[in-house]
Amino acid sequence: MNKKRLIYLCQGLFMVASSFLVGYLLDYAQLTSFSYSAQMVFKNNLPVYLVTVMVLFIIYLGLYGLFNRFFVSTTIFYVFFGIYGIADHLKVVYRSEPILPSDLMFLGNIKELLSMVKVGLIVWVVALIIVLTALCVVLERLSGKNLLRFNPITRVILVLVMVLELG
């Protein structure tokens with residue numbers, strides 16, 4: 001197997017593993033217990049978890065198609081779902097309910113949303129986003145042209161599949 005194919009294989013495996021990890025962490029965010037989350041995912045709700053992973057993977061591929069940069073799509077994927085997972089976890093802890101579609105109306109009032117969260121958590125999340133972004137920029141520059149790049153038609157198809165999947 002040549003070097004480029006090995007790199008493409010590693011990229012694909014990383015994307016699949018990332019989808020499984022983010023899917024598990026999103027499940028944990030709602031259940032607030034690793035052991036209970038593991039039991040729910042792997043014993044009781046495995047088909048639902050696998051569908052969630054598939055949806056996350058399609059979103060990841062759509063981001064990759066949109067930006068055509070592996071580490072940029074990785075950063076956006078982890079930052080978005082990281083923020084969503086933290087917000088979901090906090091809402092479950094404080095209100096015993098997950099984020100609902102009606103809660104998205106509050107996104108227009110960022111000041112009020114941030115007032116509900118401790119300043120230390122905000123600083124920690126911003127610092128983590130900066131570190132992750134810097135790491136991904138460095139890795140993108142170091143990788144150069146070795147990573148998979150899609151042609152325009154494939155990119156449009158990936159983005160369309162992501163958009164159609166999300167409704």
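Student: Is Ser96 buried or exposed?
Tutor: Exposed, with a relative accessible area of 65%. The call follows because exposed means over 50%. Bear in mind that this is a predicted model.

Student: Where does Ser96 sit?
Tutor: Ser96 is in the loop between helix 4 and helix 5, just after helix 4.

Student: And what about phi of Ser96?
Tutor: Phi of Ser96 is positive, near 60 degrees, and the residue is not a glycine. Most residues other than glycine have a negative phi.

Student: Which residue just after helix 3 takes a positive phi?
Tutor: Asn68, at about 60 degrees. Asn68 is not a glycine either, and its place is the loop between helix 3 and helix 4.

Student: Asn68: buried or exposed?
Tutor: Buried, because its relative accessible area is 9% and the cut-off for buried is under 20%.

Student: OK, step back. How many helices and strands does the chain have?
Tutor: Seven helices and zero strands. Read along the sequence, the pattern is α-α-α-α-α-α-α. The C-alpha trace spans about 50 × 35 × 30 Å along its principal axes.

Student: What percentage of the residues count as buried?
Tutor: 26% of the 167 residues in the chain. As for contacts with a separation of 6 or more, 71% are between residues 24 or more positions apart.

Student: Back to helix 4. What span should helix 4 have, and how far apart are its end C-alpha atoms?
Tutor: Helix 4 has 26 residues, so at 1.5 Å a residue it should span 38 Å. The end C-alpha atoms are 37 Å apart, which agrees.

Student: And helix 3, what should that span?
Tutor: The 22 residues of helix 3 should span 32 Å at 1.5 Å a residue. Its end C-alpha atoms are 31 Å apart, so that agrees as well.

Student: What covers the buried residues of helix 3?
Tutor: The cover includes helix 1, helix 2 (34-44), helix 4 and helix 7 (152-166). The buried residues of helix 3 include Tyr49, Val53, Leu56, Ile59, Tyr60 and Leu63. An α-helix has 3.6 residues a turn, so residues three or four places apart point the same way.

Student: What does Ser19 touch?
Tutor: Leaving out residues up to four places away in sequence, Ser19 touches Val53, Leu56, Phe57, Tyr60 and Phe77. Ser19 itself lies in helix 1.

Student: What does the side chain of Ser19 reach?
Tutor: The backbone oxygen of Met15, at 2.9 Å. Ser19 counts as buried because its relative accessibility is 1%.

Student: How does the lining split by class?
Tutor: 24 nonpolar, four charged and no polar residues.

Student: Last one, Asp103. Where does Asp103 lie?
Tutor: In the loop between helix 4 (70-95) and helix 5 (110-115). Asp103 is buried, because its relative accessible area is 18%, and the limit is under 20%.

Technical notes
Residues are numbered from 1 along each chain as its sequence is written. This is a predicted model: local features need pLDDT of at least 70, side-chain atom pairs count only at pLDDT 80 or more; totals for chains, interfaces and linings use all residues. Side-chain values use heavy atoms; hydrogens and water are left out. Helices (H or I, at least four residues) and strands (E, at least two) are DSSP runs, numbered from the N terminus. Buried means under 20% relative accessible area, exposed over 50%, partly exposed in between (1.4 Å probe, protein chains only). Ala, Val, Leu, Ile, Met, Phe, Trp, Tyr, Cys and Pro count as nonpolar, Asp, Glu, Lys and Arg as charged, and the others, Gly among them, as polar. The expected span of a helix is 1.5 Å times one less than its number of residues. Contact means heavy atoms within 4.5 Å. A polar contact is a pair of N or O atoms within 3.5 Å; within protein, one must be able to donate a hydrogen and the other to accept it, and residues adjacent in sequence count only if both atoms are side-chain atoms.
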